[in-house]
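Reader: Hi! Could you walk me through this one while I have it open on my screen?
Author: Happy to. Let's bring it up.

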Amino acid sequence: MLNSTGELEFSNEEDPEIISQLTSLPLSGGKSSAGVPEKTGYPDSVYVMAANIFQGIRIEKSAQKVLIKYGNEPLRSLSESEDQSFQRLSYELAFSALKYQDILETILIDSCIFPSTTIPDHLSSLFIVMLYDFQDRKFQTRVLSDNEEPISEVQEVENLLNSFKIKLAAALARCRIKHDALSIYHILPETVRKQELRASTLPLYAWINTCKISPEEVYNNLKRRGYNKVKSVLHIDDKVFAVDQHCYDVLIFPSHLKNDLINIDLFKDYKLIFQDKSRSLAVHSVKALLNMDDDILMVNTGSWYTVAHMSILTNNNTSKVFVCGVQSQAKDPDLKTLFTKIGCKNIEILHETFINIDSKDHRLQKVKVILLLPRCSGLGVSNPVEFILNEHEDTEFLKDHSQGGISVDKLHVLAQQQYEQLTHAMKFTKAQAVVYCTCSVFPEENEAVVKKALEFQDLGNKGQPYSGTLLRQCL
């Protein structure tokens, strides 16, 4: 139980009318709120899940710089929802709190919530994510649902934040003035602000599962739902879609339609699948290099949707899609269930890591193309939350994105891993091509590592004689 009795009296000493002036200031968004629906808050369970995610990805500081102590134990959740919309909301809230962690900690200190109240360390993460949402709602009261069972920790933190809202708003205003910023959004590093801008303007991409439905049937289904087919979706606010010019089975939608689209049967039944276009470009690049009976080896594919897309594109062939690096056999039943739902029939899972597979392995003698999707910095991704959910990336991925950069040491480690995998792929003498795909903006993970791998080959190492034009990159 939070000990807040004394603080409740202290927090109300200021004139309540001040809050209306302070909350009229721009807060976390960099855009005008005109025409944007009022934010009403999240269900209790979203706050708890977001707090647990934040606890695992928060920026840890040296002892001299620690403002707020965090516990080590996750909060108890009433249920672990597998619903994608629930997970997306939780990850988005945790990522937003992570970007503003320093500011939110400063506000909690400046407003005297910390350390003047007796708050258990394990609730600190919950305070951070709920404070972010509270200021994003301009400190307005949350609209509660009658259907949801309340969570006591969320209720206690919310009551304390509400009792301090005047001081919180004042602390936020002082922080904004100190940094001479229109809003706390403008305090973020420029690279992070540019990333947010890209994420808000980029369209959505989804590929058609032609094993279940034809493109024409998808077009007609969407038209019956009020969607119009156009040539381009850029700067269009209506319900429209377009066919991608590079991948014939990929549709493009304006980003604002995401919530509407995820609830229609086409997506629920795996007939349309959201995925970043770079992954679709990668599998189409592989498809263009295949004959009817050629096999494919996929390396380090975090997203099973990428594997599924490769499988669907080769559904009419006798090709096999080998996937290596799935070291936990416990995942096999879940993967097989997913692939069955999508309609994939030609996938074989290898539990060895790629580096440990011999280039003369008898299972891979018909492999003609290797699709290498190495672990990378991922800083070319505009929407890291969507990427994590779709590509099953580690949540640590969000740390670098929240800072808008990556350490030199980490970049060197990643580049070395990529080089080792790329040179190993070139040892498969039966393979005729390697498609190398990253989501990085750094030359060290792209041109530089490819050039170094080609130099390795030129030194007389045995392997397929690749050239820079055959060894493709998809950014």
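Reader: Thanks! Where is Tyr436 found?
Author: Tyr436 is in strand E10, which covers residues 433–437. One thing to keep in mind as we go: this is a predicted model.

Reader: Noted. Is Tyr436 buried or exposed?
Author: Buried, because its relative accessibility is 0%, and the cut-off for buried is under 20%.

Reader: And how far apart are the C-alpha atoms of Tyr436 and Leu373?
Author: They are separated by 6.3 Å, while the two residues are 63 residues apart along the chain.

Reader: Nice. Where is Leu290 found?
Author: Leu290 is in the loop between H13 and strand E6 (295–299). Leu290 counts as buried too, at 13% relative accessibility.

Reader: You mentioned H13. Why is H13 described as largely enclosed?
Author: Because 9 of the 11 residues in helix H13 (residues 277–287) are buried. Among the buried ones are Lys277, Arg279 and His284, along with Ala282 and Val283.

Reader: Let's switch to H6. What do its end C-alpha atoms tell us about the span?
Author: Helix H6 has 13 residues, 124–136, and at 1.5 Å a residue it should span 18 Å. The end C-alpha atoms are 18 Å apart, so the model agrees with that expectation.

Reader: How many of the residues of H6 are buried?
Author: 13 of 13, so by the under-20% cut-off the helix is mostly covered.

Reader: What comes after H6?
Author: H6 is followed by Lys138, whose phi is positive, near 55°. Phe139 also has a positive phi, near 60°, and is a residue other than glycine. Phe139 sits in the loop between H6 and H7, and at 2% relative accessibility it counts as buried.

Reader: What about Cys112, what is its phi?
Author: Near 75°, again a positive value in a residue other than glycine. Cys112 is in the loop between H5 and H6. With a relative accessible area of 30%, Cys112 is partly exposed.

Reader: Okay, new topic: how many cavities of 30 Å³ or more does the structure hold?
Author: There are 5 of them. The largest cavity has about 50 Å³ of space.

Reader: Which residues line the largest cavity?
Author: The lining is made of Tyr47, Met130, Asp133, Phe134, Arg137, Glu158, Leu161 and Asn162. By class, that is 4 nonpolar, 1 polar and 3 charged residues.

Reader: And which helices each supply at least two residues of that lining?
Author: H6 does, and so does helix H7 (152–163).

Reader: Then why is the pair of Trp304 and Phe339 edge-to-face?
Author: Their ring centres are 6.1 Å apart and their planes are at 75°, so the pair is edge-to-face, because the cut-off for that class is over 60 degrees. Trp304 is in helix H14 (residues 304–313) and Phe339 in helix H15 (residues 332–342), so the pair ties together parts 35 residues apart in sequence. Trp304 counts as buried at 11% relative accessibility, and Phe339 is buried with a relative accessible area of 5%.

Reader: Which residues do ring pairs link into a cluster?
Author: Tyr219, Tyr227, Phe241 and Phe253. Tyr219 has a charged neighbour as well: Lys229 lies over the face of its ring, 4.2 Å from the ring centre.

Reader: Last one! What sits over the ring of Tyr419?
Author: The charged end of Lys452 does, at 4.4 Å from the ring centre.

Conventions: Residues are numbered from 1 along each chain as its sequence is written. This is a predicted model: local features need pLDDT of at least 70, side-chain atom pairs count only at pLDDT 80 or more; totals for chains, interfaces and linings use all residues. Side-chain values use heavy atoms; hydrogens and water are left out. Helices (H or I, at least four residues) and strands (E, at least two) are DSSP runs, numbered from the N terminus. The expected span of a helix is 1.5 Å times one less than its number of residues. Buried means under 20% relative accessible area, exposed over 50%, partly exposed in between (1.4 Å probe, protein chains only). On a 1 Å grid over the protein atoms alone, a cavity is a set of points where a 1.4 Å probe fits but cannot get out, and a pocket is an open set with protein on both sides within 12 Å along at least five of seven lines; lining residues have an atom within 4 Å of a point. Grid points are joined across faces, edges and corners, and a volume is the space filled by probe spheres set on the points. Ala, Val, Leu, Ile, Met, Phe, Trp, Tyr, Cys and Pro count as nonpolar, Asp, Glu, Lys and Arg as charged, and the others, Gly among them, as polar. Rings of Phe, Tyr and Trp (its six-membered ring) pair if their centres lie within 6.5 Å; planes under 30 degrees apart count as stacked, over 60 as edge-to-face and the rest as tilted. A charge sits over a ring if NZ of Lys or CZ of Arg is within 6 Å of the ring centre and within 35 degrees of the ring normal.
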